[in-house]
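Please brief me on this model, topic by topic.

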Amino acid sequence: MEYRIERDTLGEMRVESDKLWGAQTQRAMENFVIGKKKMPIEIIYGIVTAKKAAALANCEAGVLPQDKRDLIVQACDEILSGLWDDQFPLHIWQTGSGTQTNMNVNEVIAHLGHLRHGGKLDDEKLYLSPNDDVNKSQSTNDIFPTGIRIAATKVILEKTIPAIERMMETYRTKVAEYASIKKIGRTHLMDATPLTLGQELSGHLSQLEHGLETIRMAMKHLMELPIGGTAVGDGLNTPEGYDKRALEIINELTGLTFTNTPNKFEAMATHDSMAEMSGAFKRLAVSLMKIANDFRLLNSGPRCGFGEIILPANEPGSSIMPGKVNPTQCEALSQVCCQVIGNDVAITTGAMQGHLQLNVFMPLIGRNLLQSARLLADVINSFNDHCLKGIEPNLNRIQMHLSNSLMLVTKLSPHIGYYNAAKIAQHAHANGITLRESALALQLVSETDFDKWMKL
């Protein structure tokens, strides 16, 4: 392996000769050998997008020469195209501000720009300075949370929300299709009064609608960017109007509508916006767990359980029991829900650790928020395509349970009173007879009235 010497304020570091990073990245690689998960590439791209906007805004403000602007922009475009993903090797677990990753991005952009300017990687001095040029008008403290917000917003808008909307559309179809199928309801897992299968599924649809509304409400705060706050939120070392212009350029580059945070001190000292979004994800996960549990119960059996709906048979369910089919999509959905709720606990714990002018749990928060957004999108699409779309009612089973239920006696209560209705149900259960037979035997209802009042 061949090496070159890179230098920072602490001295010299050996770096593999073909790598685009510099001394600070190399130090971080050696100092933070913790786990194997790298910083999510979406966060890298979010930071790079912000740096491209910063270079353009700095040039307009007259603090960055045009040729250096062009080199930075070209390098950013190459990174955003995916050409240099392997040049961002740092793990999630590093300094809580993300300084090592910010410098990793600065160094890669600087080396790429230097190469495009005609230099070599082993030149003692780079044409672009990682700190003075690429990081101009920035601090890790404002650029890293800006990058996370850009990354999370894109994933949520491009993946998570569309997945929820697709699932809601499937539910609307199923609700209408099964609107007339009467079935027994259950409370406390015990027989209750009837409803339709469409009504039962409409409860799931309403959960999704409320969950999506909560996510959309949280988007406003998440899309407030602290770019231009630099170290503590006061914009030290930024030219006049830089923060507003950088934001405008970010919106042009992304096609989104980010806003300047009204208070950069809040946006950098806290990550309440990300905790809020994580809370919205948790709420959705709670709803999805309910949906998964309902489907598992309704599909249970098929002969010794409820067996009222039939889920698609996607794969064999047992290595020892021939013919067994399991509700695997429900189980995958449930596991993701547990992970999202666990991520929210970590995000909540990290977000409450802001001290004075900075919260230093950003890599943890950013990684978990992105994982939740991606996992929810993937599992919702999987559940929708491989389970929900293919469910079918087991009409014979539904009718059997409906006919056998004693809770239909509730329809008699307005006519003969709660206690007389209870006598009919208890007598029927004790003697293994139908409600009709019990009512007539106890002479509490006439045959004509029973048939009229009990009509479904």
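Strand 1 and strand 2 make a hairpin, with two residues between them. This is a predicted model: local features need pLDDT of at least 70, side-chain atom pairs count only at pLDDT 80 or more, and totals for chains, interfaces and linings use all residues. Residues are numbered from 1 along each chain as its sequence is written, and side-chain values use heavy atoms, leaving out hydrogens and water. Helices (H or I, at least four residues) and strands (E, at least two) are DSSP runs, numbered from the N terminus.

- Strand 1 (residues 3-8) pairs with strand 2 (residues 11-16) in the antiparallel sense, over six bridges.
- Two strands pair if DSSP finds at least two bridges between them.
- Arg4 has Val15 in strand 2 as its bridge partner.
- Side chains alternate along strand 1: Arg4, Glu6 and Asp8 point to one face and are buried.
- Buried means under 20% relative accessible area, exposed over 50%, and partly exposed in between (1.4 Å probe, protein chains only).

**Hairpin of strands 3 and 4**
- Strand 3 (residues 182-187) and strand 4 (residues 190-196) run antiparallel, joined by five bridges.
- Ile184 has Pro194 in strand 4 as its bridge partner.
- Two residues lie between the strands of this hairpin, where His188 takes a positive phi near 60°.

- Thr146 sits in helix 6 (residues 140-177).
- Thr146 counts as buried because its relative accessibility is 0%.
- Leaving aside neighbours within four places in sequence, Thr146 is in contact (heavy atoms within 4.5 Å) with Ala50, Leu225, Pro226, Ile227 and Ile250.
- Leu205 belongs to helix 7 (residues 197-222).
- Leu205 has 10% relative accessibility, so Leu205 counts as buried.
- With neighbours within four places in sequence left aside, Leu205 is in contact with Met168, Tyr171 and Arg172.

**Cavity**
- The structure holds one cavity of 30 Å³ or more.
- A cavity is a set of points on a 1 Å grid over the protein atoms alone where a 1.4 Å probe fits but cannot get out; lining residues have an atom within 4 Å of a point.
- The largest cavity has about 40 Å³ of space, a volume being the space filled by probe spheres set on the points, which are joined across faces, edges and corners.
- Its lining residues include Leu311, Asn326, Cys330 and His386.
- Helix 11 (residues 328-351) gives the most to this lining, with three residues.

Technical notes
1 Å grid on protein atoms, 1.4 Å probe; cavity = no way out; pocket = protein on both sides within 12 Å on 5 of 7 lines; lining within 4 Å.
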